[in-house]
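Here is a friendly briefing to read alongside the coordinates. Please open the structure and keep it in view as you go through the points.

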Amino acid sequence: MSYLRLEKALMTNLEESLPRELLRTNRSGAYSCSTIVDCNTRKYHGLLVVPIPEMDDENHVLLSSLDVTVVQHGAEFNLGLHKYQGNNYSPKGHKYITAFDCDKVPTTTYRVGGVILKKEVVFQHYEDRILIRYTLEDAHSATTLRFRPFLAFRSVRAFTHENSTASRDYTPVDNGIKTCMYAGYPDLYMQFSKKNEFIFHPDWYRGIEYPKEQERGYASNEDLYVPGYFEMPIKKGESIVFSASTSKIRTSTLKKLFESEVAERNPRDNFFHCLVNAAHQFHKRLPNDDRYLLAGYPWFKCRARDTFISLPGLTLGIEEQDYFELVMHTAERELRAFMEGKKIETHIYEMEQPDVPLWAIWAVQQYAKECGRPKCFQMYGQLVDDIIDYIIAGGHPNLTLEDNGLVRSEGRDHAVTWMNSTANGRPVVPRTGFIVEFNALWYNALRFAASMATEKGATERAEDLEKRAQLCKTSFVDTFLNEYGYLYDYVDGNMVEWSVRPNMIFPVAFDYSPLSQDQKKSVLDVCTRELLTPKGLRSLSPKSGGYNPMYVGPQTQRDYAYHQGTAWPWLGGFYMEACLKLYKRTRLSFIERQMVGYEEEMDYHCLGTISELFDGNPPFLGRGAMSFAMNVAEILRALNMLESYSYSK
């Protein structure tokens, strides 16, 4: 049996199948996403969702879905599925599903009487084109297929409703049509590999409902426009390929194109290969060949902190150092522009956050470990030095180097750390002053830069950096370590944050730590007792005030829970790194058991990837974005470390 195979009993049970989602991307920002039974449950779902930079910085749903109807002896069997108001599902095509397989490409098999129809889906790399191949594997009499497209032409953050403005015009093209509902949008080309008849029968399907939006306290209803339907006969053993795209294609090439796209796909036949596939989905290549990493799907864009934290795991963790270099080339350019005070049209958001330059150094440090220090220093040594000098010189508007050797940031009014949820315009967790991971990053950066200077023979600079690091180390311990053996989350004057939070895991996990071995073990023990879950570290201990582990309800309720007890797998990656560094091979079996909690996610929530966050209490359900780059990255990096420790003596 294949690794990602779901049987009929699960597929036909909507309570089991609707929570499971499937994501396909083109590595250029466009995606295709729905549930495994092709019933859209989010406003972000759609068969063809593409960025339209000429309009705005959002993705847009052009083709919401495509219903397929099998026609035999005049009887129609619609394989589609939509949820309408009043908890009504129609036309309940999921009941014909006999199996679902996602190892190579998502493949759904339907059986209608003597008809067995197989559907396979791929998203063409670097093109805004979704391809679906339908193969009639068995049939005992003449069979016709009818395809009914549901059009949206809207932003992923909006809804469409029946209106008189939408254009009903269409133009015949090679084996299909092109149409555009609203001015400013690109044409949508819907074409088949086989000659067909398009029957113009315009109508609006009203009251389609998205339950995921209901759960999140948002509006959840829309109407979708269907211009008509395509119809064609199909013989036993025959395959037909459907293409939906923003550009025209020669339909004679569709079958070959589909085969070539399938050949490029890596099988998702185990946990690691699933994560490799997920890692590639975060790639984003622009027409000018700049490379980026998306922070997650379906609503995240490219964010600076996420980029630098994710970069090592998503590239070096799967032996793709070339992509590390491509992304870093783009990110370094934009980081330097920020440090030099230049105004640029950026595709990486939140570059102004104070810890971003420090995470950039951490990412470079991981490159040095995987690719060798000489090559790393040659490529990124100047960047590391420039960041260090930039901070020492007080260049950053919200990262001040104080006389005690620690760095300070102002975060009362605006969230400045990864714990960035806000409510009523204010940070829910107003981390300010001396922030624990900022200073762990700073100490680590100083020591890394000092070692780099030593190897280059820059003795005077190395001594200066080591002196600064020693001052930082002394102040770090004096400022953050308390009598209970864990670290304050932040300290602002006389105010100390006693809450037990996971940010203290970073100085334990980093290569250079201001803590002694005993201090590290004490901090790790507290994290293990109070924060560890099968899905990563909680953002707050259950023993601390304000613990709120369930990420459910309307927006405000979720904002207050976002960093108040929810579990985050990417933090679990640093936790596992800390365990391996402190206890080495004696913790291998423990780390392997931790990995089981993540592997369980491969056939749940969004298949083959990791959700943004999880409830902090059992059963630790996945919440938020369906696929999150930092989570996938840190699990991959931890797997890489696990392998290296397993084979070390």
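In this predicted model, N175 touches M190, Q191, F192, S193, K194, K195, N196 and T251, leaving aside residues up to four places away in sequence. One of these neighbours, T251, also has a side chain in polar contact with the side chain of N175, at 3.1 Å.

**Around N175**
- N175 sits in the loop that links β14 (170–173) to β15 (176–179).
- Within β16, L188 is the bridge partner of T179.

**The nine-stranded sheet**
- β14, β15 and β16 belong to an open sheet of nine strands, whose order is β1-β9-β10-β11-β12-β19-β16-β15-β14 and whose pairing is antiparallel.
- At the edges lie β1 (5–7) and β14, each of which pairs on one side only.
- From one strand to the next, the twist averages 15°.
- Helix α4 (residues 254–264) packs on this sheet and touches β11 (115–123), β12 (129–138), β16 and β19 (239–245).
- The direction of α4 makes about 100° with that of β12.

**The α10 and α11 pair**
- How are these two helices placed relative to each other? Helix α10 (residues 436–456) and helix α11 (residues 459–480) pack at an angle of about 160°, and their axes are 8 Å apart.
- An angle over 145 degrees counts as roughly antiparallel, so that is the description for α10 and α11.
- The crossing in which α10 passes α11 is left-handed.
- By class, 14 nonpolar, two polar and five charged residues make up the contact of α10 with α11.
- On the α10 side, the residues that meet α11 include V436, W442, Y443, L446 and R447.
- On the α11 side, the residues that meet α10 include R461, L465, E466, C472 and F476.

**The three-stranded sheet**
- Three strands in the order β27-β28-β29 form an open sheet with antiparallel pairing.
- β27 (434–435) and β29 (495–496) are the edge strands, and each pairs on one side only.
- Two bridges connect β27 with β28 (residues 490–492), and these strands run antiparallel.
- F434 has V491 in β28 as its bridge partner.

Terms used. Residues numbered from 1 in each chain as written. Predicted model: local features only at pLDDT ≥ 70, side-chain atom pairs only at ≥ 80, totals over all residues. Heavy atoms only, no water. Helix = DSSP H or I, 4+ residues; strand = E, 2+ residues; numbered from the N terminus. Polar contact = N/O pair within 3.5 Å; in protein donor to acceptor, adjacent residues only side chain to side chain. Contact = heavy atoms within 4.5 Å. Pairing = 2+ DSSP bridges. Axes fitted to C-alpha atoms, helices over the stretch in contact; angles between N-to-C directions. Parallel < 35°, antiparallel > 145°, perpendicular 65-115°, else oblique. Left-handed = near helix turned anticlockwise from the far one by under 90°. Nonpolar A, V, L, I, M, F, W, Y, C, P; charged D, E, K, R; others polar.
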